[in-house]
Amino acid sequence: MKELEKVLREHKEAFNDHDPGNDHFENFLGKLNNEQKKKSLFGMSRLLKVATIAIFVVISGITGYQIRKIQSPVELGLGAISPEYQEVELFYTSNIDSQLRMIERMGSFDKKEHQNILSEELKEMDKRYHQLKQELKLHPDDDRVIQAMIEYYQVKTNVLNRIIEQLYQVRKQTKTNLNVSA
């Protein structure tokens, strides 16, 4: 860098000999203005591109949501009938969820056969409940369907309570056997 400065200082007169032409500044300003116009047009086209992409993303999202909504039919539950039934449904579903978590924490039966039977029974009960939901969709004012759904929750709660009691008995028996052996 210092060498370049040195060369420029030594040959200063050679650089100052030539003056630019009369139209040099006008050409320079014209090119500068053209460059600025291109930049502003480029900036505007970039803005349009971003806006187009944003609109496309929003429309795609809305369309996807609508398609998903159409493809997955709305399941009508007790909560859709009235606020009272919504409370009943919430009570039973939260109770059933806590019972299932308790069964999971306690472990399973010693035999896989018992666990498979339990799993199949619960699946069968859930399948029947989904059928009830379909019937409720067709006949939302039918008290028999509503009562059957409430009975489903009651039966499932009772079944899970029995399972929990049996698991307690199995654990208690196992502890007793371990204490007697020791």
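The structure contains four salt bridges, a salt bridge being a side-chain nitrogen of Lys or Arg within 4 Å of a carboxyl oxygen of Asp or Glu. This is a predicted model, in which local features need pLDDT of at least 70 and side-chain atom pairs count only at pLDDT 80 or more, while totals for chains, interfaces and linings use all residues. Residues are numbered from 1 along each chain as its sequence is written, and side-chain values use heavy atoms, with hydrogens and water left out.

**View 1. The whole chain.** Helices (H or I, at least four residues) and strands (E, at least two) are DSSP runs, numbered from the N terminus. Of the 182 residues, 16% count as buried. Buried means under 20% relative accessible area, exposed over 50%, and partly exposed in between (1.4 Å probe, protein chains only). Among the contacts in the chain with a separation of 6 or more, 73% join residues 24 or more positions apart, where contact means heavy atoms within 4.5 Å.

View 2. Arginine 9 and glutamate 5 are joined through their side chains by a salt bridge of 3.8 Å, N to O. Both residues belong to helix α1 (residues 2–10) and stand four residues apart, about one turn of the helix. An α-helix has 3.6 residues a turn, so residues three or four places apart point the same way. Arginine 9 is exposed, at 65% relative accessibility, whereas glutamate 5 is partly exposed, at 38%.

**View 3. Two further salt bridges.** In the pair formed by glutamate 135 and arginine 128, the closest N and O atoms are 3.7 Å apart. Glutamate 135 is partly exposed at 32% relative accessibility, and arginine 128 is partly exposed at 39%. Aspartate 142 and arginine 144 form a salt bridge of 3.1 Å, N to O. Here aspartate 142 is buried, at 18%, but arginine 144 is exposed, at 68%.

View 4. Lysine 156 lies in helix α6 (residues 143–181). Is this lysine 156 buried or exposed? Lysine 156 is buried because its relative accessible area is 7%. Leaving aside residues up to four places away in sequence, lysine 156 touches Ile96, Leu122, Met125 and Asp126.

View 5. Helix α4 (residues 83–106) has 24 residues and reaches 34 Å from its first C-alpha to its last, close to the 34 Å expected at 1.5 Å a residue; the expected span is 1.5 Å times one less than the number of residues. The buried residues of α4 are Glu89, Tyr92, Ile96, Gln99, Ile103 and Met106. Glycine 107 follows α4 and has a positive phi, near 95 degrees.

View 6. Phe28, Leu29 and Leu32 make a nonpolar surface patch of about 290 Å². Patches are made of residues with over 30% relative accessible area and no salt bridge; like charges are joined within 9 Å, and nonpolar side chains (Val, Leu, Ile, Met, Phe, Trp, Tyr) within 5 Å. Leucine 32 is found in helix α3 (residues 24–71) and is partly exposed, with a relative accessible area of 38%.

Conventions. Areas by Shrake-Rupley, 256 points an atom, 1.4 Å probe, with all protein chains shown as cover.
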